[in-house]
Amino acid sequence: MKNRLVLSILLLAGLVPLSGCSSMLERSYLVVSPHAEHPVTADDSNVLQAETYQDLVNDVLYFVNQGMETGVIRLTNYPRDVETDLNNACLEVAKDAPLGAYAVDYIEHDCTRVVKYYESTIHITYRRTLEQIQSIKNVTGSSAIRQVLLEQLSLFSPEVVLQVAYFTEDEAHISHLIQQAYYDAPAVAFGMPEYTVTLYPQESGQERIVEILLTYPAPVEELRQKSQSLLRQADLLADTLGELSGAQGGRAVHALLRQQVTDAPAGTASTAYDALVEHQADSEGMALAFQLLCDRTGLESRVVQGVKDGAPHFWNVLTLSPGQYAHVDASGEEVLLLSDAALEALGYTWDRNEIPPCL
């Protein structure tokens, strides 16, 4: 009985330092179990144990998750070639694991035989900072990606890094979501930022890290000041309208914009700031201004990128009631609350897969 008690205490001592670690290792090739993913040795809580090749991969990945430059793995009862598996495990983490492909420059190891086990010290050199590793956001699905992008664009963040589960898309899909998020945020939409999208690993994978680097059209502090001015003006105008709903609300916003804003040539005044503060805008600026006033008065709408008479054009789809929608072109005198058929008859075309039917 005494021996069993001592053994239980030792096992508990080895398990306690692992609380909270498993959430950092939610990867497609990790097995979820009630036991610790990274068992430590009984005599040193800083040394991880491995008995299989997958243990080795998980242990090295754990070091990367923690941003550790050095870690120790003790291989006990190991049935395979230790040196070969260490080489392969380090290479797999550095090249094939999303976090390793994104954050790691290279991984080295040395190995020593100690009586009945091997002890390997892992040395990791990074090309990302610990802050960058810790700022990675875990998401699943396009809606979650778009929401994070919206939040980061609203902050004028220069870098967005996402760890995406069940990723089946490509860079073009991410680019499309960036553009959608831009038009979802009219209060900070001062020109589509330049961006680059990089996937890690680049070839393929069910789970990928998506790195997005953003360059804005003006210094961030200047853009923040413009956003504050725009929101003050939008709120002043929204106060004159009160809380709105449905078709009546859409007409009220449309009428206000037609009173406040004069038309500008396409591509010259394309922001809500141009429309509401400078009082001149093209179709893109008018659509963003309409969107912003809808946001401030309780209406639900979205910006549509389409074509009118062969040229790029922007307008909005307004929610009249649950499941009922209508087109509104704030840059036009009469294009208001139209169905798909009516708008198409006027020379408009758009991606119908992106926009709910307006009947």
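1. Alanine 234 is in contact (heavy atoms within 4.5 Å) with Leu276, Leu292, Leu293 and Arg296, leaving aside its neighbours within four places in sequence. Alanine 234 is found in helix α8 (residues 220–241); helices (H or I, at least four residues) and strands (E, at least two) are DSSP runs, numbered from the N terminus. Alanine 234 counts as buried because its relative accessibility is 0%, where buried means under 20% relative accessible area, exposed over 50% and partly exposed in between (1.4 Å probe, protein chains only).

2. The model is predicted: local features need pLDDT of at least 70, side-chain atom pairs count only at pLDDT 80 or more, and totals for chains, interfaces and linings use all residues. Residues are numbered from 1 along each chain as its sequence is written, and side-chain values use heavy atoms, with hydrogens and water left out.

3. The mean pLDDT (the predictor's confidence in each residue, from 0 to 100) of the protein is 88, and 87% of its residues reach 70 or more. Confidence is lowest in helix α1 (residues 2–15), at a mean of 38, and highest in helix α10 (residues 272–276), at 98. Over residues 1–36 pLDDT stays under 50, and for this stretch the model has 30 contacts beyond four places in sequence. Where pLDDT is low, the predicted coordinates should not be read in detail.

4. The protein has 12 helices and 15 strands. Of its 359 residues, 47% are buried. Among contacts between residues at least 6 apart in sequence, 58% join residues at least 24 apart.

5. Serine 227 also has its place in helix α8. Serine 227 is buried, because its relative accessible area is 8%. Not counting residues up to four places away in sequence, serine 227 touches Ala187, Val188 and Phe190.

6. Val188 and Phe190 are among the residues that line the largest cavity, as are Leu153, Tyr182 and Leu223. On a 1 Å grid over the protein atoms alone, a cavity is a set of points where a 1.4 Å probe fits but cannot get out, and a pocket is an open set with protein on both sides within 12 Å along at least five of seven lines; lining residues have an atom within 4 Å of a point. About 60 Å³ of space lies in the largest cavity, a volume being the space filled by probe spheres set on the points, which are joined across faces, edges and corners. The lining of this cavity has 10 nonpolar, one polar and no charged residues; Ala, Val, Leu, Ile, Met, Phe, Trp, Tyr, Cys and Pro count as nonpolar, Asp, Glu, Lys and Arg as charged, and the others, Gly among them, as polar.

7. The second largest pocket holds about 210 Å³ of space. Of its 14 lining residues, Gln180, Arg302, Val303, Gln305 and Glu354 lie nearest its centre. Helix α7 supplies the largest share of the lining, five residues. By class, this lining has five nonpolar, four polar and five charged residues.

8. Some backbone details deserve attention. The peptide bond from tyrosine 200 to proline 201 is cis, with omega near -10 degrees, and proline 201 lies in the loop between β7 (194–200) and β8 (208–215). Valine 115, in the loop between β3 (104–114) and β4 (117–126), has a positive phi near 55 degrees. Valine 115 is exposed, because its relative accessible area is 71%.
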